[in-house]
Amino acid sequence: MGAPGGLQVVHDLPPDTFDVRPGEVWAVAFRAANPGVWMNHCHNLAHADQGMALHLRYEGVTSPFHGGHGG
């Protein structure tokens with residue numbers, strides 16, 4: 001039995017990075033076992049500047065830092 005929606009399940013990815021090639025769409029599942037505020041981003045800075053970045057925050061976790069470009 002495959003993954004929901006016909007998705008391919010890949011188990012052998014490095015723990016902190018993977019390539020998303022042009023036209024690919026990835027759904028990522030992970031074990032949320034390290035509470036905090038985490039940033040996921042593209043290492044191509046032009047892509048990150050265009051919005052390929054996100055902040056993941058655990059419910060109930062706060063931070064003194066504020067997001068957004070330029071501070």
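1. The chain exposes about 6,900 Å², of which carbon and sulfur atoms supply 56%. Accessible areas come from the Shrake-Rupley method with a 1.4 Å probe, and for residues only the protein chains shown count as cover. This is a predicted model, in which local features need pLDDT of at least 70 and side-chain atom pairs count only at pLDDT 80 or more, while totals for chains, interfaces and linings use all residues. Residues are numbered from 1 along each chain as its sequence is written, and side-chain values use heavy atoms, with hydrogens and water left out.

2. The chain has 71 residues, and 8% of them count as buried (under 20% relative accessible area; exposed is over 50%, partly exposed in between; 1.4 Å probe, protein chains only).

3. One helix and two strands are present, in the order β-α-β along the sequence. Helices (H or I, at least four residues) and strands (E, at least two) are DSSP runs, numbered from the N terminus.

4. His-41 lies in strand β1 and counts as partly exposed because its relative accessibility is 40%. His-41 touches Met-52 and Ala-53, leaving aside residues up to four places away in sequence; contact means heavy atoms within 4.5 Å.

5. Among contacts with a separation of 6 or more, 21% join residues 24 or more positions apart.
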